[in-house]
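Hello! Here are my notes for you to read with the model open beside them. Please take the points in order and find each residue as you go.

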Amino acid sequence: MRRITGKTKDATLIEMTNTADAHVEDGFAVLTGYRKTFLADNNGLLSSSDRGTPLPGHQETDKLEQSKDSVYFQDGVRRIDFVLSYVDDKDGDKKAERRRAFEANLEKAGLMLETEDKLESDDRKTYYLKIHAPWEVLATYADVLKIKVPFKPSDIPKGRDAPLQWLTRPFRLPPEIMKPDPDYFTAPFDKSKADFFLIKDKETFFPPSTRNRIVYYILTRCPYYKEDRKEKDKTGIKRLLSNGTYTSAYPLHDCRYWKKAKETQCESERYHLYKHWARFLCFYKEQPLNLIRKYYGEKIGIYFAWLGFYTEMLFFAAVMGVICFVYGLLSYDDNITSKEICNPNVGGKIVMCPLCDKKCTYWKLNSTCLSSWQAHLFDNEGTVFFAIFMGIWVTLFLEFWKRRQARLEYEWDLVDFEEEQQQLQIRPEFELKCTSKRRNRITQEMEPYLPFTSKCARFCVSGAIVLFWTCLIVACVMGVIAYRLAVYAAFASLMKDSPTNKIQLVGSLINPQLATSVTASCINFVIILILNFLYEYVAIWITDMEIPKTHLEYENKLTMKMFMFQFVNYYSSCFYVAFFKGKFVGYPGNYTYMFGSQLRNEECAPGGCLIELTTQLVIVMAGKQLVGNIQEALLPLLRNWWISRKGRNHPEGRYSRWEQDHDLQNFSQFGLFYEYLEMVIQFGFITLFVASFPLAPLLALFNNILEVRVDAWKFTTQFRRPVAAKARSIGAWKDILNVVAILSVVTNAFIMAFTSDMIPRLVYLYAYHPGEKATMEGYINNSLSVYEINELHIQNRTDIEEHPAWFSSNITTCRYRDYRYPPGHERQYTHTMQFWHILAAKMAFIIIMEHVVFVVKFFVAWLIPDVPSEVKARIKRERYLVQEYLHTYEVEKLKLQLSQSFCVTSETTSLLPSSPDKHEVLSECI
């Protein structure tokens with residue numbers, strides 16, 4: 001057997017030699033096919049038509065005797081590996097011709113087909129084509145795909161049980177669920193050495209996930225043109241699905257999720273997954289990762305392994321965040337700054353300058369009493385240590401995940417998978433669209449490729465589109481900022497007499513700043529959802545336009561485009577509040593305006609912008625998680641209920657397994673992509689801006705505990721079974737997480753320095769406090785500058801009718817947040833020396849914090865090896881044993897061949913006159 005390439009280079013093809021029932025036709029693997037079609041006449045009676053010869057030993061059974069809730073053909077022996085569905089419509093002739101050609105080529109490839117007539121389906125419209133891959137096909141393509149299979153039970157001793165393991169017993173699952181298969185030594189399958197592998201039963205040697213992967217590989221490369229016409233673009237099930245020839249293509253679940261299958265040979269793995277994994281009551285249990293991998297494939301298994309590990313690590317971050325928050329609560333009595341703001345003799349006598357022109361009035365500092373107490377919960381000394389801790393936590397999370405991933409690579413036979421993936425998983429779309437060919441330097445075979453000029457042109461167009469959409473997001477953010485500036489004056493005018501105080505419970509909490517922030521955050525969140533919906537289609541379109549060569553390259557390109565967009569979309573508003581709001585305001589008499597308009601730039605409250613950043617973060621993060629859970633859980637449930645509202649009432653004997661799965665939601669090729677994207681965006685929220693909201697990891701922990709079970713429930717009950725796919729890592733997401741981790745150190749350092757009020761307080765405490773004892777008394781008065789009201793420009797002055805009742809002409813000055821010399825000073829309204837000291841302290845803090853965290857990060861990364869030493873030893877040991885067993889097998893096989901040849905030679909020479917030498921040879925053979 002060897003791989004060959006046809007004239008059109010449509011796919012990797014198989015040539016088999018020394019096989020009586022196999023031949024090669026048109027460059028595609030051709031085996032003897034079998035097909036049985038069940039039809040129903042007008043009276044509902046069943047008849048059958050055969051194409052090919054039934055397999056030896058397979059006894060046909062009566063159709064009515066077998067339950068339709070089965071994963072086997074009508075003979076009850078051959079397993080259904082894949083199902084295609086289609087309906088007759090107005091364009092039926094063309095589609096029927098395509099189906100006939102496609103199914104004929106599938107039979108030439110050796111697949112066995114069986115058709116269910118539409119009169120037997122639930123809607124009386126849908127035909128179901130059931131596909132079975134016999135042993136010859138499975139063995140051939142397992143050899144091509146180099147699928148690893150067991151050849152000997154593993155004799156490597158298992159590691160010792162961890163101490164105090166009994167403490168984790170309530171969280172563990174039964175051993176048969178955690179380890180559904182024993183450990184084996186594995187090697188890539190070789191059809192010529194089939195007797196080397198542990199083949200007890202050919203029907204069950206390849207698990208269902210491997211079988212459907214092989215069948216899907218054939219389906220994506222099988223042409224649907226006739227023999228006399230070579231039309232290169234007419235290839236693959238994907239094109240047939242897109243043009244409506246078939247309505248769906250999917251492998252079957254092995255049983256209903258709430259009860260086991262009736263067939264004893266059926267594994268009922270779906271039932272076990274639902275019972276021990278998908279129910280929310282199992283939220284405290286470990287995940288059966290080996291069973292997930294066996295049923296869904298390594299790609300989905302690695303996602304749930306990463307999600308579970310991420311959730312476990314969030315527990316430690318959440319605990320530290322709660323400690324930081326509790327520290328803020330317990331240090332209430334030591335918060336002298338808030339006490340001064342709330343003191344009627346201090347904050348009650350400080351008149352603040354208007355925060356906007358015309359409609360905003362003068363206000364007293366003690367009106368922000370409650371918000372200053374709220375800000376202290378998150379803006380305190382403990383937040384600094386929490387920000388440093390999160391910088392180290394991110395490193396530990398990524399390093400320990402590398403170790404966990406390395407262990408999974410070894411346990412799931414993925415150590416040498418990357419090269420195979422690059423070589424074998426070439427996208428059919430690349431083979432079809434790339435008409436240019438060149439010789440491969442390694443294989444010396446002609447292969448399709450994309451010319452450099454075409455690649456550059458496509459890259460430039462793609463980059464321009466991404467840049468345009470990024471600018472569109474920035475424009476939307478600027479629109480929200482303009483809304484903030486325009487609406488703040490309106491809220492200030494409406495709330496000047498505090499009408500919101502009449503609202504029970506929350507009335508006293510509402511002020512113009514909060515109302516503006518909350519409404520702007522909600523509008524921004526709606527814009528985020530709309531832009532996400534639109535950009536998804538754009539990102540997929542431009543990625544298709546680039547024509548990536550492999551599936552891995554396609555996923556990486558799409559991942560980078562989507563994350564870049566999502567990064568700007570979700571985080572831009574938080575970046576604005578954290579690093580731009582209140583930083584470019586100017587001062588009374590010299591205010592700055594947005595792009596020369598009449599909208600004055602926003603100011604921060606006296607307590608700083610940190611509490612507003614917290615509000616923004618909570619609304620966007622919590623809103624995204626809420627909307628995401630509704631989309632993931634509620635929408636599939638409602639869709640499936642609507643589709644299967646008739647089938648749900650059918651008895652088990654009438655509602656077939658393929659119809660049940662047909663009524664479920666299709667798991668698209670981007671399904672797992674969106675799961676990763678959701679979690680990585682959340683990871684950004686809890687790392688980039690965690691200094692403003694230490695409880696963010698706790699919210700993420702609660703969400704992820706729910707997310708694991710919602711995803712499990714969705715995969716098990718609401719989605720069709722995905723085609724199994726291999727993956728050794730989380731792909732490009734790992735690089736994105738590393739970038740976010742590094743960026744988070746910088747953003748948190750800047751938040752603590754420029755958004756928080758901590759640095760100015762520390763400078764005052766240690767350098768500018770009055771008296772000999774270090775105290776925060778007098779800080780509020782020190783941090784506010786003075787301005788003469790009569791020096792305000794006309795456009796900055798408040799309308800007379802907007803003045804509060806307590807305001808009088810005796811008030812000649814107002815205060816504003818800055819460090820500037822007072823009126824009458826020779827350098828009036830210029831920055832004081834304290835301002836430059838604070839700025840120097842902020843820059844020093846950023847440099848020190850970044851260097852400390854980065855040094856610890858890189859030291860921890862160096863200290864913790866990516867691959868555990870135990871796993872390294874096991875990999876080397878297994879490779880050595882595999883080579884030794886293969887060598888022994890080849891030697892024994894060679895001895896057997898030589899002994900047989902000697903015996904044949906001796907038998908032929910015994911008819912000739914004997915000689916002593918010939919007698920010796922004969923005796924040796926005997």
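1. **Ground rules.** This is a predicted model, in which local features need pLDDT of at least 70 and side-chain atom pairs count only at pLDDT 80 or more, while totals for chains, interfaces and linings use all residues. Residues are numbered from 1 along each chain as its sequence is written, and side-chain values use heavy atoms, with hydrogens and water left out.

2. **The largest core.** Which residues touch the most other members of the largest nonpolar core? They are W306, Y310, W393 and F685, in a core of 136 residues. Helix 9 (residues 298–330) gives the largest share of this core, 15 residues. A nonpolar core here is a set of buried Ala, Val, Leu, Ile, Met, Phe, Trp, Tyr and Cys residues joined through side-chain atoms within 4.5 Å. Buried means under 20% relative accessible area, exposed means over 50%, and partly exposed is in between (1.4 Å probe, protein chains only). Helices (H or I, at least four residues) and strands (E, at least two) are DSSP runs, numbered from the N terminus. As background, nonpolar side chains tend to be buried together in soluble globular proteins.

3. Have a look around F685. If you leave aside its neighbours within four places in sequence, F685 is in contact (heavy atoms within 4.5 Å) with Y570, Y571, C574, L617, V620, M621, K624 and V690.

4. How many disulfides does the structure hold? There are 3 disulfides, each counted as a pair of cysteine sulfur atoms within 2.5 Å. In general terms, a disulfide is a covalent bond between the sulfur atoms of two cysteines. One of them joins C342 to C369, with an S to S distance of 1.8 Å. This pair links distant parts of the chain, 27 residues apart: C342 sits in helix 10 (residues 336–342) and C369 in helix 11 (residues 369–378). The torsion about their S-S bond is about 95 degrees, so this disulfide is right-handed. C342 is partly exposed at 21% relative accessible area, and C369 is partly exposed at 22%.

5. **Disulfides: C353 and C814.** Another disulfide joins C353 to C814, S to S 1.9 Å. Where does each partner sit? C353 is in the loop between strand 13 (351–352) and strand 14 (363–364), while C814 is in strand 20 (residues 813–817), so to speak a link between distant parts of the chain, 461 residues apart. The S-S torsion of C353 and C814 is about 85 degrees, so the disulfide is right-handed. C353 is buried at 5% relative accessibility, and C814 is buried at 0%.

6. **Disulfides: C356 and C360.** C356 and C360 are also joined by a disulfide, with S to S 1.5 Å. Their S-S torsion is about 95 degrees, which means that this disulfide is right-handed. C356 is buried, with a relative accessible area of 7%, and C360 is buried at 2%.

7. L626, I630, L634, L635, L637 and L638 make a nonpolar surface patch of about 510 Å². Accessible areas come from the Shrake-Rupley method with a 1.4 Å probe, and for residues only the protein chains shown count as cover. L626 belongs to helix 18 (residues 610–643). Is L626 buried or exposed? L626 is exposed, because its relative accessible area is 54%.

8. **E675.** E675 lies in helix 20 (residues 671–688) and is buried, at 6% relative accessibility. Neighbours within four places in sequence aside, E675 is in contact with Y303, E632, E707, D711 and K714.

9. **Positive phi values.** D413, a residue other than glycine, has a positive phi, near 60 degrees. D413 is in the loop between helix 12 (381–411) and helix 13 (417–424) and counts as buried at 18% relative accessibility. Y829, also not a glycine, has a positive phi near 65 degrees. Y829 lies in the loop between strand 20 and helix 25 (833–863) and is buried at 7%.

How values were computed: Patches are made of residues with over 30% relative accessible area and no salt bridge: like charges are joined within 9 Å, nonpolar side chains (Val, Leu, Ile, Met, Phe, Trp, Tyr) within 5 Å. A salt bridge is a side-chain nitrogen of Lys or Arg within 4 Å of a carboxyl oxygen of Asp or Glu.
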